[in-house]
Structure formats: C-alpha cells, structure tokens
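I opened this structure to learn how one chain is put together and where it meets its partner. These are my notes.

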Amino acid sequence: MMEVVTVPPFERTYEQHRDEIYGYLRRLAGADRADDAFQETFLRALRGYPALRSGRHLRAWLFTIATRVVIDERRRARPEGPLPELGADDELPPYAALDHLTGELPPTERAAVVLRYGYDLPYAELAAALGSSEVAARQAVSSGVRRLRRKGISP
Amino acid sequence: MTVSSDLDRRFRDRAAAEGLLDVAYDLTDSPVGTLLVAATEAGLCRVSFDPEPDRAVETLARDFGARVLRASRPLDVVRRRLAEYFDGERQEFGLDVDLRPLPAFQRDVLTELARVRYGTTDTYGGLAARLGRPRAARAVGGALNRNPVPIVLPCHRILGSDGRLVGYGGGLERKRALLALEGVTL
C-alpha cells in the first residue's frame with residue numbers, strides 16, 4: 001500500500017524550499033528579476049496548495065511553478081528574446097557553474113538542463129516542471145546539451 | 001543562496017494582504033513570556049504560552065487549513081492591544097475570535113467566559129450555573145483548560161469554588177500574574 005504523505009503546513013514547505021527555489025530563479029531569470037519571480041512563485045503555490053492531495057513531490061512541484069513563472073513572464077515581456085543576463089553572485093554553489101554555460105540557451109532547454117544537472121531532478125519531475133511529456137523533457141535536455149557541445153562545452 | 005529578510009517579509013505580507021492564508025501567526029513578547037498569536041480572516045484563533053511554533057503550526061493547520069504562515073502585519077492590532085493590556089491601559093480587547101473548530105459546549109463556555117469583566121473573578125460552578133448546567137463545573141473546567149485564546153478570553157479570572165487558584169493551561173504562576181495585573185488580590 002502506498003504511504004500517504006500528508007501536505008505539511010505551508011510555513012514548513014516554504015522554509016524548507018525557499019532558498020533553493022530562490023537560487024534557481026536567480027539562475028533562470030537573473031538577479032534583478034528573481035525577487036518578483038520568487039514572490040509570484042510562492043503566491044501561486046499558496047493558491048494551489050489547498051488542491052494538493054499529497055506532500056510527496058513538493059520540491060518538484062515548486063520547481064514546476066518557478067519554471068512556469070519565468071517562462072510566462074518572459075513570454076509576456078519579449079516573445080522571442082533571450083533570457084536576461086545573469087547577475088554576479090558572491091556565494092556560488094558548485095552547480096552555479098551551469099550559469100554561464102546555459103546562459104545562451106532558449107528558456108525551456110535552459111530550465112531543462114539546469115533542473116537536470118544542477119538540481120538532479122528525475123525526468124518524470126522535470127517533465128512536470130516543463131509542462132511536457134517525459135519524452136519531450138528528455139529531448140529538451142539532450143537538445144540543450146547538444147547546443148552546449150557545439151559551443152565546445154558540456155555540463 | 002539565501003532569501004534576504006526583506007524579500008522574505010515582503011512575500012509574507014503580500015500573501016496575507018492577498019487573502020491567501022488560512023492562518024497568520026507571529027510571536028510577541030509579554031511580561032508572562034513570549035506568546036504565539038494567530039488569526040484567521042474571521043478573528044483571533046490562538047494565543048499560546050508555548051513559543052515553539054512547530055507544534056502550534058501543526059495544530060493550526062489541522063484546525064483551519066494547511067496555509068499557515070508566519071506573517072507579522074495581520075497581527076499588528078492583536079499585538080498592540082495585548083501590549084496595552086499589559087501596560088494596564090486596556091481592559092477589553094474588542095477583538096473577534098474564531099472558535100469554529102471547537103465543540104458547541106466549549107464555545108458556549110467561552111462565550112459565557114467572555115462576560116467575566118476585567119478585575120473580577122468567578123468560579124467554575126458559577127459559570128456552569130450561568131450556562132444552565134449547574135452540575136457541569138468539572139466539564140466547564142475542562143473546556144477552560146483547552147481555551148485556545150487565553151488572556152483575551154479570560155480563563156485566568158475563574159477560580160475554584162473556595163476561591164483558590166486552580167488549574168491554568170499556562171501554569172499557575174501566569175494566572176497569578178494576570179490577576180495581579182488586574183488588581184485582584186487572592
């Protein structure tokens with residue numbers, strides 16, 4: 001029988017994941033847009049929270065929302081343009097090396113590569129984050145990686 | 001990457017301002033120790049002498065919904081009125097309370113309790129009699145012991161039938177301190 005994981009109080013979810021989600025948003029959206037994206041991500045999470053049936057995949061669920069927030073915001077702002085430049089950070093975790101590598105990728109591929117190699121998200125959760133099938137998520141990762149290789153780098 | 005305290009506070013205030021919380025809570029200092037105070041849209045739903053938020057957050061989520069978040073602004077009025085009370089400048093809180101999760105009997109007891117005025121005392125038996133349940137003094141005591149909003153709903157003003165200081169969820173020291181503040185000598 002599946003173990004039922006009840007949805008924890010929002011305070012706990014927020015405290016546990018806020019720093020990681022914020023770091024992801026800085027990577028994906030750039031330092032000057034990260035604050036707005038952060039608020040929007042957790043406001044959306046609050047709106048969706050009552051509908052959650054399980055506390056099992058909260059981390060992936062939050063990555064999903066954060067990814068959608070950045071992609072939505074970007075579509076509104078500049079339908080075809082590249083993602084904004086990343087800001088400089090003082091305390092970079094190891095996976096931050098992906099920042100300058102993925103900077104020129106299209107947004108979906110960039111999110112795919114960062115979530116896969118930077119945050120170790122399994123493909124099923126990555127698919128949820130990108131709002132696509134698992135096959136499409138794998139394609140986004142490999143197409144992102146191919147594009148990086150053509151530039152002479154690999155994640 | 002750490003979220004700055006400024007961004008953290010802005011998010012919490014905005015979540016509350018947009019009406020997205022089932023419960024907002026905060027901690028506040030008082031002469032009887034740090035208090036945890038919590039409110040829903042309907043009113044004050046918790047005053048706790050246990051300043052360990054983890055436990056309170058769990059029970060608040062169970063009682064009112066999972067969207068429990070620490071947020072200071074929704075509790076500004078509560079904090080201010082408590083401070084005025086402890087400064088001896090306020091005798092009535094004038095706050096709505098949210099007692100929805102409680103059984104009907106306990107709500108009745110607490111509603112009757114709210115009529116016991118500042119600086120006066122009553123007894124468990126007296127309260128039971130006023131509820132039309134003169135033999136229910138013990139049940140009244142149980143209901144008061146689980147009062148979710150002590151101080152504001154003044155269970156500290158209820159004494160044993162012989163006028164002794166008995167049973168208080170927050171400990172007898174606090175009960176004595178609150179009565180002393182209100183000028184009641186035992």
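This is a predicted model: local features need pLDDT of at least 70, side-chain atom pairs count only at pLDDT 80 or more; totals for chains, interfaces and linings use all residues.

**Entry: chain B as a whole**

I began with the secondary structure. Chain B has seven helices and six strands. Along the sequence I read the order α-β-β-β-α-β-α-α-β-α-α-β-α.

Then I looked up the overall dimensions. The C-alpha atoms of chain B fill a box of roughly 60 × 35 × 25 Å along the principal axes.

I checked burial next. Of the 186 residues in chain B, 37% are buried. I also looked at contacts in chain B between residues at least 6 apart in sequence, and 58% of these join residues at least 24 apart.

How many residues of S2(B) are buried? I found five of five, in a strand that spans residues 35-39. Leu35(B), Val37(B) and Ala39(B) point one way from S2(B). Leu36(B) and Ala38(B) point the other way. I noted the general rule beside this: in a regular strand the side chains alternate between the two faces of the sheet.

I turned to the partners of S2(B). S1(B), residues 23-28, pairs with S2(B) in the antiparallel sense over five bridges. Leu27(B) stands opposite Leu36(B) there.

Which residue of S3(B) is the bridge partner of Ala39(B)? I found Leu44(B). S2(B) and S3(B) form a hairpin with four residues between them. Gly43(B) in this turn has a positive phi of about 155°.

**Entry: where chain B meets chain A**

I looked up the contact between the chains. On chain B, 19 residues are in contact with 20 residues of chain A. H1(B), H2(B) and S4(B) each supply at least two residues to the side of chain B that touches chain A. H1(B) gives the most, with five residues. By type, the residues on this side of chain B divide into 11 nonpolar, two polar and six charged.

**Entry: Arg70(B)**

I picked one residue in strand S4 of chain B, Arg70(B). Is Arg70(B) buried or exposed? Arg70(B) has 23 C-beta neighbours inside 10 Å, so I put it down as buried. Leaving out residues up to four places away in sequence, Arg70(B) touches Glu11(A), Arg12(B), Tyr25(B) and Asp26(B). I also checked Pro31(B), which is 39 residues from Arg70(B) along the chain. Their C-alpha atoms are separated by 22 Å.

**Entry: a helix pair in chain A**

Last, I looked at H5(A), residues 107-118, and H7(A), residues 134-150. They pack at an angle of about 95°, with their axes 8 Å apart. The two helices are therefore roughly perpendicular to each other. The residues making the contact include Ala112(A) and Val113(A) of H5(A) and Ala140(A) and Val141(A) of H7(A). The residues of this contact divide into six nonpolar, three polar and four charged.

Conventions: Residues are numbered from 1 along each chain as its sequence is written. Chains are lettered from A and ligands numbered from 1 in the order in which they are written. A residue is buried if 20 or more other C-beta atoms lie within 10 Å of its own, exposed if 12 or fewer, and partly exposed in between; C-beta atoms are placed from the backbone. Two residues are in contact if their C-beta atoms, placed from the backbone, lie within 7 Å. Two strands pair if DSSP finds at least two bridges between them. Ala, Val, Leu, Ile, Met, Phe, Trp, Tyr, Cys and Pro count as nonpolar, Asp, Glu, Lys and Arg as charged, and the others, Gly among them, as polar. Axes are lines fitted to C-alpha atoms, for helices over the stretch in contact, and angles run from 0 to 180 degrees between N-to-C directions. Angles under 35 degrees count as roughly parallel, over 145 as roughly antiparallel, 65 to 115 as roughly perpendicular and the rest as oblique.
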